[in-house]
Amino acid sequence: MFDKRITLFMGHYGSGKTFISVNYAIALAKMGKKVSIYDLDIVNPYFRTIDAKKTLEKENVELVVSPYAQTNVDLPAMNAKAYQMLDDKSRCAVADIGGDDRGALALGRFYERIQEENNYDSLFVINKYRPETRDLDGAIEIMKEIEYASKIKFTGIVSNSNLGKETTVDTILSGVEFAKELAGKINLPLKFTGVLKSLASDERIKKIKEILPIDPIKYGDWI
């Protein structure tokens, strides 16, 4: 991970794309890189990158969101500054894409230039404990729908299996095995695993090849 200029996070509703995106962008910034995070989620999800605004500013991560973010106006609008993701190649770009195929439509205006630059990862965030992705067939079907809508093929898998406050080490390890099985079936790499920071020091977790420690933040805690 951390080896592409553009990183796109997509997946099923509730998979934890936003938490992964925010923590990934902060990790890049802590490595000394210039980073912008783009909220391209136009489907009005439960948690938005705008809710992490103060934390992102503190970590010197630029946040680009809809002009209607944190208002009561529910419009599928996108900030014109989103094109900076393609134009400013001096910055790493992390994009939080909306749930399933509807949200992936937001990439329709960008996909040609993203593919032309060819310095990106398109990552499928999987939580095996969500109803629609609890089995391989369901997960693969959602992946195909997202790829069709976004016009961008996935390049890897991110395991983010969790049960919120009920998450244990066994929860995570079971999710990793599921993600590995999925990755093997579709011939894509498992890029990394999201792990709650409170569990990241466990010896069994340390054996996982790549992990991204995740802050256990609830809605609005970062504002």
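Because the model is predicted, local features were considered at a pLDDT of at least 70 and side-chain atom pairs only at pLDDT 80 or more, whereas totals for chains, interfaces and linings use all residues. Residues are numbered from 1 along each chain as its sequence is written, and side-chain values use heavy atoms, with hydrogens and water left out.

The secondary structure of the protein comprises 8 helices and 8 strands, where helices (H or I, at least four residues) and strands (E, at least two) are DSSP runs numbered from the N terminus. Of the 223 residues in the protein, 52% are buried; buried denotes a relative accessible area under 20%, exposed one over 50%, and partly exposed a value in between, computed with a 1.4 Å probe on protein chains only. Among the contacts that join residues at least 6 apart in sequence, 74% link residues at least 24 apart, a contact being defined by heavy atoms within 4.5 Å.

Helix H1 (residues 17–30) contains 14 residues and reaches 20 Å from its first C-alpha to its last, which is close to the 20 Å expected at 1.5 Å a residue; the expected span is 1.5 Å times one less than the number of residues. Since 11 of these 14 residues are buried, H1 is largely enclosed by the rest of the structure. The buried residues of H1 include Lys17, Thr18 and Asn23 as well as Ile20, Val22 and Leu28. After H1 comes Gly32, with a positive phi near 90 degrees.

The axes of helix H6 (residues 136–150) and helix H7 (residues 169–186) come within 11 Å and cross at roughly 60 degrees, the axes being lines fitted to C-alpha atoms over the stretch in contact and the angles running from 0 to 180 degrees between N-to-C directions. H6 is therefore oblique to H7, given that angles under 35 degrees count as roughly parallel, those over 145 as roughly antiparallel, those from 65 to 115 as roughly perpendicular, and the rest as oblique. The crossing of the two helices is right-handed, a term that applies if the near helix is turned clockwise from the far one by less than a right angle, and left-handed if anticlockwise. On the H6 side, Leu136, Asp137, Ala139, Ile140 and Met143 take part, and they meet Phe178, Glu181, Leu182, Lys185 and Ile186 of H7. By class, this contact has 7 nonpolar, no polar and 3 charged residues, with Ala, Val, Leu, Ile, Met, Phe, Trp, Tyr, Cys and Pro counted as nonpolar, Asp, Glu, Lys and Arg as charged, and the others, Gly among them, as polar.

Within H6 itself, Ile142 is buried at 7% relative accessibility, and the C-alpha atoms of Ile142 and Glu132, 10 residues apart in sequence, are 8.2 Å apart in space. H7 has 18 residues and reaches 26 Å from its first C-alpha to its last, close to the 26 Å expected at 1.5 Å a residue. Among the buried residues of H7 are Val169, Ile172, Phe178 and Leu182, and what covers the buried residues of this helix includes strands S5, S6 (156–159) and S7 (190–196) together with helices H6 and H8 (203–206).

Most residues other than glycine have a negative phi.

Tyr129 is located in the loop between strand S5 (120–126) and H6 and is partly exposed at 28% relative accessibility. Leaving aside residues up to four places away in sequence, Tyr129 touches Ser161, Asn162, Leu163, Thr171, Ser174 and Gly175; the C-alpha atoms of Tyr129 and Gly175, 46 residues apart along the chain, are separated by 8.3 Å. Met1, in the segment before strand S1 (6–11), is partly exposed with a relative accessible area of 24%. With residues up to four places away in sequence again not counted, Met1 touches Tyr24, Phe192, Glu210 and Ile211, and its C-alpha atom is separated by 9.0 Å from that of Asp121, 120 residues apart along the chain.
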